[in-house]
Each structure stands twice: as structure tokens, then as C-alpha cells.
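This report looks at one chain as a whole and then at the surroundings of a single residue. Please keep the sequence and the structure at hand while reading.

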Amino acid sequence: LSGVSFQQSQIRGGNFVGSKLMGASFFDATLDDSNMEGADMRQANLEMASLVNVNLKNAVVTEAYVTGATSFLDANIENADFTDTFLRKDQQKYLCGRASGTNPVTGVDTRDSLMCP
């Protein structure tokens, strides 16, 4: 699914476990309650996406485009890698409060990838 456009899609409860979503666009998409455990989301566009209660455990979300009103409310980010993903300060602070573990693919600590204090 690399490079696929899911722009403005309603994908509540979607199953993307272990999917290759490199460069995929989720611009303004609703992914609430979806399972993206272990997904490769490098360079994905998550601008204005709703990721409420999404499982991003072990996901690689590096160099992703995350701006605007993107919501990670109640997302599971255990072992996720957000290296070089620019987040708004409020998003970064919220995710740092939930961050734990080390990504099994990249070996990067989740808190380090979010540049948590």
C-alpha cells in the first residue's frame, strides 16, 4: 500500500497490521480505532488525520508529514519511532506523556524519536 492515497477516507477500525504504507497519504482521513501495529509509515502524510485510539505499537512513522489538526488522542505509541517527524508542540508534549519502549525495527527509543525532555 506504499504511495496509496486514502485522502478524506473514513477508515474506522481498519486493519493495517504490518502494512507497508511508505509515502501513503491519509490527508484529512479518519482512522479512529484502527490497528497499525508494526506498520511502515515512513514519509506518510497524516496532515489533519484523526488517529483517535489508533494502535501504532512498533510502527515506523519517520519523516511523516503531521501538521494541522492531526489528533493522536488515546493512541498507543509503544515502541513507535517518530524520528524526523515534525509535530506541533502540543502534539509532541501529549505523545511524550504516552511514549515508552524501543522500536524493534529501527532500534530507536520512542521518547528519543519524539525529542522528549
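**Terms and model**

A polar contact is a pair of N or O atoms within 3.5 Å, where, within protein, one atom must be able to donate a hydrogen and the other to accept it. The model discussed here is predicted.

**The chain as a whole**

The chain holds 2 helices and 0 strands. Its radius of gyration is 12 Å, close to the 13 Å that the globule rule gives for 117 residues, so the chain is as compact as a globular protein of that length. The C-alpha trace spans about 35 × 25 × 20 Å along its principal axes, and 47% of the 117 residues count as buried.

Among the contacts in the chain with a separation of 6 or more, 11% are between residues 24 or more positions apart.

**Surface and charge**

The accessible surface of the chain is about 5600 Å², and carbon and sulfur atoms account for 49% of this area. The chain has 9 positive and 14 negative charges, whose mean positions lie 3 Å apart.

Asn55 lies in the segment before helix H1 (89–96). With a relative accessible area of 16%, Asn55 counts as buried, because buried means under 20% relative accessible area.

The side chain of Asn55 makes a polar contact with the side chain of Glu37 at 3.1 Å, and a polar contact with the side chain of Asn35, at 3.1 Å. When neighbours within four places in sequence are left aside, Asn55 is in contact with Ser34, Asn35, Met36, Glu37 and Asn76.

Definitions and conventions:
Residues numbered from 1 in each chain as written. Predicted model: local features only at pLDDT ≥ 70, side-chain atom pairs only at ≥ 80, totals over all residues. Heavy atoms only, no water. Helix = DSSP H or I, 4+ residues; strand = E, 2+ residues; numbered from the N terminus. Buried < 20%, exposed > 50% of the residue type's maximum accessible area, 1.4 Å probe, protein only. Contact = heavy atoms within 4.5 Å. Rg over C-alpha atoms; globule rule 2.2 N^0.38 Å. Areas by Shrake-Rupley, 256 points an atom, 1.4 Å probe, with all protein chains shown as cover. Lys, Arg positive; Asp, Glu negative; His and termini not counted. Charge placed at Lys NZ, Arg CZ, Asp CG, Glu CD.
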